[in-house]
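Open your viewer and get ready to select a few residues. Here is a short tour, one stop at a time.

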Amino acid sequence: MIVLNQVSKVFNKGRQNEFVSLREISIMIPRQQVTVLKGPSGSGKTTLLSIIGGMSRPTSGRVTLDGRETTSLPERFLAALRRETFGFIFQQFNLINGISILENVMLPAVPNGERHATLKGRALELLAMFGLEARAATRVELLSGGEMQRVAIARALINNPRVIIADEPTAHLDSKLSGELITIMERLKQEGRTIIMASHDPLVCNAGVVDNLVEIRDGEIRDSAPAQ
Amino acid sequence: MANIEKQRAIIDFTLASLMRRKGKNAALLVVYTLVVAALASVMFLTKSIRSEAAAVLVDAPELVVQRMVAGRHEMIPLSYVEKIASIRGVKSVRGRLWGYYYDPVFGSNYTLLVPQESPPEEGKVAVGQGVARSALAEVDNIMPFRTNQGALFTLTVARVLPAGTELVSSDLVLLSAGDFKTLFGIPDGMATDLVAEVSNLSEIPTIAAKIARLLPDTRPIARDEILRTYDAIFNWRSGILLAILSGALLAFFIFAWDKATGLSAEERREIGILKAIGWDVGDVLMMKLWEGAALSLTAFVTGVILAWLHVFAGGAALFVPVLKGWSVLYPAFRLTPSIDLMQLAVLFFLTVIPYTVATIVPCWRAATAAPDSVMRG
């Protein structure tokens, strides 16, 4: 379970352009469920996801993961946490251009020091799961939007994370591909993973796979309830 | 083991990264390699020329005594031999006959020498490979000379000196004392200079001082002095060349610094992605370290190989006009490879290390920033 306790985030604190992105957010995100952070652009969803995923630290407040506080971890441990516990799917996919699909998928596992052949085998298995095995050697910039999305998901899964964090995962997808994404999320949920998504896409928010809906506006939680 | 695999994976990614920016990295590699090649060429050339000079002098006499008249080198009377031999510590003294001869027919300069041991018979010469080539002389051919009076004087080639001694014998013509004197019109009882052997090498300065006192019109020259002069000359010449090259070196440093310290937006984004997906600062820095090392080591090794080929296979065509030209060195000879590891180490620390460090600094700044910027696209 992930617990956020009075989490606030202020950018450029003390300067003229100070901006409060999150105000004393307290929520509990249950394990092995799908939680969607819903809200308009600029509401603080992405900031909240990055704090949960250990990519940035809150200005105040605490985050715990299965009872272990993560907000005060040194950078090195935070990096290990990001690598081992979380799998990230970014809005812009954030694949690295110029290298192959396979190399992109293997990247998060590089610091683990796993045997190259084993790692490559696991990456190919993941690509096979998403129907991309035949294109493993293709450079990512040559892929369609849907293929990029699947590569990004495969990359998020390479370290077999317990938690998947997806930021506006359908923002660049048409309805058909968005439907495919939700199917994949269902599969990941069945595998016992916790899924946290930020989205304002009704296709995601109203999907049957969603267990909890947290509505955020102006950096505050407006409503938190089990999905209908 | 895990660490080796990790380093291997980081190197794989680094090399793939370098290949992505082929044009930029190739340009840098070419400039970097040329700079290393130029500097290494000067080092190789200077070192090997100095070694050649030292090799030429290794059999040189310990002490040479020349007679000076009005500050110029003159023939020396053989009567000086006994006077010098009477100085304590002098083992032996003998006169030498040698000189230079310009052959206007072939446009070549020869060194004429009367060897102390088994000189050719009267009317015969032994010639070096260079002389044989330039004068198209073979055994039993006649070589024409002009005496100091302008008369034709012919000598027969008795033998051609072996190729193995070419460095020291390329332009050499060995002849008898009688023929030498006839050719140059030297009276009996005179020699070009005197050479002395001493019993104890540490006494050379003392003996030289005694000779200068005893025979004020002479100039004693110790072998070590000649070596020091050559060293100074070649150091000075290589210094001039390095000063000229330092402009190129500076331009390269500015270029490399700009390349190494300025991260493009794309590179910043990639560092952000790597951090977001679980690389820590150390992993990112290691990647950049490998990148800098791969590039600069490639440039260093390629540059050194190019310099080697330039100097020892190509005769240092680019720098020889500046660095050579000392009269002790013969007009055409192939340099013997001679490398000073210390100099190479200095070149390594002046190129590879600064470049590698320069690539890490900006990356460190980017890598220590929070990775959440990638979340915002």
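Why does B:Trp308 count as partly exposed? Because its relative accessibility is 35%, and partly exposed lies between buried (under 20% relative accessible area) and exposed (over 50%), with a 1.4 Å probe and protein chains only.

Before moving on: this is a predicted model, where local features need pLDDT of at least 70, side-chain atom pairs count only at pLDDT 80 or more, and totals for chains, interfaces and linings use all residues. Residues are numbered from 1 along each chain as its sequence is written, chains are lettered from A in the order in which they are written, and side-chain values use heavy atoms, leaving out hydrogens and water.

Stay with B:Trp308, which sits in helix α10 (residues 281–313) of chain B; helices are DSSP runs of H or I with at least four residues, and strands are E runs of at least two, numbered from the N terminus.

Next, select strand β8 (residues 142–146) of chain B. Its covered face holds B:Met143 and B:Phe145, while B:Ile142, B:Pro144 and B:Arg146 are on the uncovered one. B:Phe145 has B:Phe153 as its bridge partner.

Now show both chains. 32 residues of chain A are in contact (heavy atoms within 4.5 Å) with 30 residues of chain B.

Finally, select B:Lys275 and A:Glu75. They form a salt bridge, with the closest N and O atoms 3.4 Å apart; the term requires a side-chain nitrogen of Lys or Arg within 4 Å of a carboxyl oxygen of Asp or Glu.

Key
Pairing = 2+ DSSP bridges.
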